[in-house]
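Please go through the structure below with this briefing beside it. The points are grouped by topic.

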Amino acid sequence: MSENRFKENREHRFTISKPSLDDPVLVVCPKCKSKSSVVPHGEDQVRCACFTCGYTVSKSTNQRSFYWHSENPTDGYFGFELWLQTGCVGHSLWAFNLKHLEFLESYVGATLRERKPHEEWGWSNSSLASRLPKWLKSAKNRAQILVAISELKSKI
Ligand SMILES: [Zn+2]
């Protein structure tokens, strides 16, 4: 039997929710409800762009708000509904982007969990894994959660 080890290191909640050009935060377009993406724009702005209807909106990166314990989470800048969310064992399973989804997959799939201090911030109770809800950490939900994660991956 091989051990599936999970190592937490760089996946801090602040970095994982921050959009990048390679891994934008995926949201529901407020106009046409298609998939749209939030990416950095210039030095201090973010832009949400919908490739389906052409809706675009930009905003300064100075204001961010988080709704980490919400059942209806939104992106940190515009407050748009996240594209990657689905119902799972009576709860809402959601992710900002592919990287976040892969983090959840490796976390939930791991049979042995290890925590390591963050390279820059050291031990922190705001680390992503320590903030995951109990139902997501429960072994009895593991199989169903992994199915839901693979469904979300197919929406990307
Ligand atoms: Zn649209």
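In which helix does Glu151 lie? Glu151 lies in α4; helices here are DSSP runs of H or I with at least four residues, strands are runs of E with at least two, and both are numbered from the N terminus. This is a predicted model: local features need pLDDT of at least 70, side-chain atom pairs count only at pLDDT 80 or more, and totals for chains, interfaces and linings use all residues. Residues are numbered from 1 along each chain as its sequence is written.

**Helix α4**

- Glu151 is partly exposed, because 13 other C-beta atoms lie within 10 Å. The cut-offs are 20 or more other C-beta atoms within 10 Å of a residue's own for buried, 12 or fewer for exposed, and anything in between for partly exposed, with C-beta atoms placed from the backbone.
- The C-alpha atoms of Glu151 and Gln85 are separated by 9.6 Å. Along the chain the two are 66 residues apart.
- The 13 residues of α4 should span 18 Å at 1.5 Å a residue. Its end C-alpha atoms are 19 Å apart, which agrees. The expected span is 1.5 Å times one less than the number of residues.
- Ile145, Ala148, Ile149 and Leu152 are the buried residues of α4. They cover an arc of only 105 degrees around the axis, so they sit on the same side of α4. The arc is that of the directions from the helix axis to the C-beta atoms.
- An α-helix has 3.6 residues a turn, so residues three or four places apart point the same way.
- The face turned away from the buried side of α4 carries the exposed residues Ala143, Val147, Ser150 and Ser154.
- The buried residues of α4 pack against β6, β7, α2 and α3 (134–137). Contact means C-beta atoms, placed from the backbone, within 7 Å.

**Helix α2**

- α2 has twelve residues. From its first C-alpha to its last it reaches 16 Å, close to the 16 Å expected at 1.5 Å a residue.
- His100, Leu101, Phe103, Leu104 and Val108 are buried in α2. Their arc around the axis is only 155 degrees, which puts them on the same side of α2.

**The open sheet**

- Four strands form an open sheet in the order β2-β3-β4-β5, with antiparallel pairing. Two strands pair if DSSP finds at least two bridges between them.
- β2 and β5 are the edge strands, and each pairs on one side only.
- The twist averages 30 degrees from one strand to the next. Axes are lines fitted to C-alpha atoms, for helices over the stretch in contact, and angles run from 0 to 180 degrees between N-to-C directions.
- Four bridges join β2 to β3. Leu26 has Ser37 as its bridge partner in β3.
- β3 (residues 35–41) and β4 pair over six bridges. Ser36 has Cys50 as its bridge partner in β4, and Val39 stands opposite Arg47.
- Five bridges join β4 to β5 (residues 56–60). Ala49 stands opposite Thr56 in β5.
- Side chains alternate along β4 (residues 45–50). Val46, Cys48 and Cys50 point to one face and are buried.

**Turns and positive phi**

- Most residues other than glycine have a negative phi.
- The hairpin of β2 and β3 has six residues between the strands. Lys33 is partly exposed, because 13 other C-beta atoms lie within 10 Å.
- The hairpin of β3 and β4 has three residues between the strands, and Gly42 takes a positive phi near 70 degrees.
- The hairpin of β4 and β5 has five residues between the strands, and Gly54 takes a positive phi near 85 degrees.
- Val89 is found in the loop between β6 and β7. Its phi is near 40 degrees, a positive value in a residue other than glycine.

**The nonpolar core**

- The largest nonpolar core has 24 residues. Such a core is a set of buried Ala, Val, Leu, Ile, Met, Phe, Trp, Tyr and Cys residues joined through C-beta atoms within 7 Å.
- Val27, Leu82, Leu84 and Ala95 have the most contacts inside this core.
- β2 (25–28), β4, β6 (84–88), β7 (91–95), α2 (98–109) and α4 (142–154) each supply at least two residues of the core.
- Val27 touches Ser36, Val38, Cys48, Asp75, Phe80, Glu81, Leu82 and Trp83, not counting residues up to four places away in sequence.

How values were computed. Contact = placed C-beta atoms within 7 Å.
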